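Here is a short briefing on a protein model. Please look at the sequence and the 3D view, then read the points below.

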Amino acid sequence: MTGQSPTTREAPAATMSEPRRLFPRLRDMSLTARMFLLVFIAVLPAIGIQTYNEYDLRAARAEDIRQQVVQITKQFGEEMGELREGARQLLVALGQLPAVKRQQTAACNGLFASAKENFVNYNLLGAADAQGRIFCSSGPLSYTSVADQPFFKRAIAADGLAVGNYWKDPATGQKMIHFAERFRDPDGQVAGIVFAVLDLDWLTQHLKERGLLPTASLL
């Protein structure tokens with residue numbers, strides 16, 4: 001004989017009874033509960049649309065901020081490029097002065113002090129011999145050698161502009177970055193470096209005038 005087990009016969013009946021149980025439950029709900037249910041069903045699509053719109057607005061805002069950062073970075077990159085090129089041209093000119101080539105301290109000091117008056121972005125203009133001993137500067141210094149400074153080592157090693165690391169003067173507390181380029185003596189031999197000290201306080205104010213927000217920082 002063939003047949004179905006009691007369990008098999010009862011399964012469809014159990015499955016079909018589920019929707020039937022739901023309707024009595026709905027009928028048993030109060031009028032207030034039914035109204036809340038209808039309102040929820042009605043606003044559910046609106047909630048979904050609002051959620052999507054919020055996500056879309058956030059994505060658009062994030063992209064807008066990213067574009068602003070890219071634009072500001074390009075702008076300040078160009079600004080720093082101009083400062084760097086200006087420093088290079090200045091140092092090349094200083095390195096050609098006879099007082100620098102012959103390391104004539106008195107004459108060189110006067111020339112550098114006079115030149116410094118035209119460049120408010122620099123704390124100091126100076127020159128050092130091949131051993132890093134400073135023989136010329138536009139103003140008084142609390143140190144006599146730059147031999148241990150990264151900018152000196154980079155500049156004395158090769159032609160071209162060398163840029164130093166962030167440095168804080170232990171005597172004055174001034175924050176600065178050095179630009180340097182080596183010079184040659186009258187016989188054409190490398191004799192030392194000339195350097196210009198960029199004032200980072202001036203740079204901060206300068207960049208603020210170019211649109212850097214108080215809450216922003218530039219590395």
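Glu85 and Arg88 form a salt bridge, with their closest N and O atoms 2.8 Å apart. A salt bridge here is a side-chain nitrogen of Lys or Arg within 4 Å of a carboxyl oxygen of Asp or Glu. The model is predicted: local features need pLDDT of at least 70, side-chain atom pairs count only at pLDDT 80 or more, and totals for chains, interfaces and linings use all residues. Residues are numbered from 1 along each chain as its sequence is written, and side-chain values use heavy atoms, leaving out hydrogens and water.

**Salt bridges**

- The whole structure holds five salt bridges.
- Glu85 and Arg88 sit three residues apart in helix α2, about one turn of the helix. Helices (H or I, at least four residues) and strands (E, at least two) are DSSP runs, numbered from the N terminus.
- Glu85 is partly exposed, because its relative accessible area is 33%. Buried means under 20% relative accessible area, exposed over 50%, and partly exposed in between (1.4 Å probe, protein chains only).
- Arg88, at 31%, is also partly exposed.
- Arg133 pairs with Asp129, the closest N and O atoms being 3.2 Å apart. Arg133 is partly exposed at 48%, whereas Asp129 is buried at 9%.
- Asp159 pairs with Arg184 at 3.4 Å between the closest N and O atoms. This pair links distant parts of the chain, 25 residues apart: Asp159 is in the loop between α5 and β3, and Arg184 is in strand β5.
- Asp159 is exposed at 53%, and Arg184 is partly exposed at 32%.
- Shared partners join Asp159, Arg182 and Arg184 into one salt-bridge network.

**Nonpolar cores**

- The largest nonpolar core has 26 residues, and Phe112, Tyr122, Leu125 and Val194 have the most contacts inside it. Such a core is a set of buried Ala, Val, Leu, Ile, Met, Phe, Trp, Tyr and Cys residues joined through side-chain atoms within 4.5 Å.
- Helix α2 gives this core its largest share, six residues.
- A second, separate core has 15 residues, including Val146, Ala162, Ala180 and Ile193.

- Ser137 lies in strand β2 and is buried, because its relative accessibility is 14%.
- Beyond four places in sequence, Ser137 is in contact (heavy atoms within 4.5 Å) with residues including Asn109, Phe112 and Leu124.
- His206 belongs to helix α6 and is buried at 10%.
- His206 and Glu79 are 127 residues apart in sequence, yet 9.8 Å apart in space, C-alpha to C-alpha.
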